[in-house]
Amino acid sequence: MPKISIPFLVSAFILALLSVSCRTAKEIVYFQDLETDSLQVSAQNFTPIFKVDDFLSIVITAEDQESARIYNLPTASSSNQGYTIGNPALYGYLVNARGEISLPILGILNVAGKNRMDVESEIKTMLTGHLKNPTVHIQILNFKVTVLGDVKSPGTFKIPNERITLLEAIGLAGDLKMSGKRENIKVIRDSSGVKMEYSINLTKKDVFRSPAYYLQQNDVVYVQPNAAARSEGAFWRTSGAIFISISSLVITTISIITK
């Protein structure tokens with residue numbers, strides 16, 4: 001029986017374990033086909049569209065601020081007789097299941113499916129004859145996105161300026177792990193009660209033209225692990241006993257050979 005080198009056995013065993021997670025540079029580099037030419041990205045794609053369950057801050061001002069006061073919600077107070085009683089209450093308008101909000105004095109307004117400029121313009125029209133030179137400022141108070149899957153720090157992130165790209169969201173989550181599947185990033189979006197799913201390839205420049213490049217409120221980004229990572233995970237979860245048995249067999253074989 002030919003004598004088998006112990007270093008050879010050990011090296012082969014280690015290489016077999018490492019092979020399941022080996023990736024080439026081509027699989028992990030972003031925007032591989034991006035040239036030096038500038039790339040036009042439509043700015044209109046990041047204008048938020050109001051949806052059911054959005055929580056809106058709407059502030060109305062005018063030349064006579066005292067007259068405008070009755071068209072606004074009351075200001076939150078955070079103290080009582082000099083003592084702080086916790087975080088001040090957050091006043092705003094919750095978009096109901098019908099896509100409506102109820103404004104003081106002005107009444108019911110449907111906002112779902114409209115952008116900020118549309119709604120601000122409608123409110124100004126409703127204020128005609130009530131206030132002189134009114135201005136309307138609207139902000140989504142609960143604008144957030146969620147990043148899940150094979151990233152370093154998954155979680156839900158509140159976005160105060162209501163503008164975030166897919167790449168920025170991934171950056172907030174610490175970037176993809178080496179095992180993350182860059183060729184098929186999923187963006188799940190609720191559009192009028194219908195779940196939309198977008199597939200994005202981060203290795204191609206087309207990501208910048210995707211309708212999901214600019215994320216909307218409550219979007220969910222999911223990064224799949226690649227096939228090697230899934231195989232490796234399944235291996236360690238279900239084959240621990242087999243691994244121990246193989247290890248024992250290798251040790252036993254080495255012991256026999258070296259006798």
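Two strands are taken to pair if DSSP finds at least two bridges between them, and helices (H or I, at least four residues) and strands (E, at least two) are DSSP runs numbered from the N terminus. In this predicted model, local features need pLDDT of at least 70 and side-chain atom pairs count only at pLDDT 80 or more, while totals for chains, interfaces and linings use all residues. Residues are numbered from 1 along each chain as its sequence is written, and side-chain values use heavy atoms, with hydrogens and water left out.

## Overall composition

The protein contains seven helices and 12 strands. Of its 259 residues, 32% are buried; buried means under 20% relative accessible area, exposed over 50%, and partly exposed in between, with a 1.4 Å probe and protein chains only. A contact means heavy atoms within 4.5 Å. Among contacts with a separation of 6 or more, 63% are between residues 24 or more positions apart.

## The three-stranded sheet

Three strands form an open sheet in the order β4-β1-β7, with antiparallel pairing. The edges are held by β4 (93-94) and β7 (135-140), each with a single partner strand, so one side of each has no neighbour in the sheet. Strand β1 (residues 55-61) is joined to β4 by two bridges, and to β7 by six bridges in the antiparallel sense. L56 takes part on both sides: its bridge partner in β4 is Y93, and in β7 it stands opposite I140.

In a regular strand the side chains alternate between the two faces of the sheet. Helix α4 (residues 116-126) lies across β1 and β7 and runs at about 140° to β7. For such angles, axes are lines fitted to C-alpha atoms, for helices over the stretch in contact, and the values run from 0 to 180 degrees between N-to-C directions.

## The five-stranded sheet

An open sheet of five strands has the order β9-β8-β12-β10-β11, and its pairing is mixed. Here β9 and β11 stand at the edges; each has a single partner strand, so one side of each is left without a neighbour in the sheet. From one strand to the next, the twist averages 20°. A hairpin of five residues joins β8 to β9.

| Strand pair | Sense | Bridges | Bridge partners |
|---|---|---|---|
| β8 (residues 144-149) and β9 (residues 155-158) | antiparallel | four | K144 and K158 |
| β8 and β12 (residues 220-223) | parallel | four | G149 and V223 |

Within β10 lies I188, which is partly exposed, with a relative accessible area of 31%. Not counting residues up to four places away in sequence, I188 touches K195, M196, N218, D219 and V220. The C-alpha atoms of I188 and T146 are separated by 9.8 Å, although these residues are 42 residues apart along the chain.

## The largest pocket

A 1 Å grid is laid over the protein atoms alone, and a pocket is an open set of points where a 1.4 Å probe fits, with protein on both sides within 12 Å along at least five of seven lines; lining residues have an atom within 4 Å of a point. Grid points are joined across faces, edges and corners, and the volume is the space filled by probe spheres set on the points.

The largest pocket has a volume of about 400 Å³. Its lining comprises 20 residues, of which K51, D190, S191, S192 and G193 lie nearest the centre. The elements that give two or more residues to this lining are β10 (185-191) and β11 (194-200), and β10 supplies the largest share, four residues. By class, the lining divides into eight nonpolar, seven polar and five charged residues. In this scheme Ala, Val, Leu, Ile, Met, Phe, Trp, Tyr, Cys and Pro count as nonpolar, Asp, Glu, Lys and Arg as charged, and the others, Gly among them, as polar.

## Positive phi in two loops

Most residues other than glycine have a negative phi. E162 has a positive phi, near 60°, and lies in the loop between β9 and α5 (166-172). E162 is buried, with a relative accessible area of 4%. D175, also not a glycine, has a positive phi of about 75°. D175 is placed in the loop between α5 and β10 and is partly exposed, with a relative accessible area of 30%.
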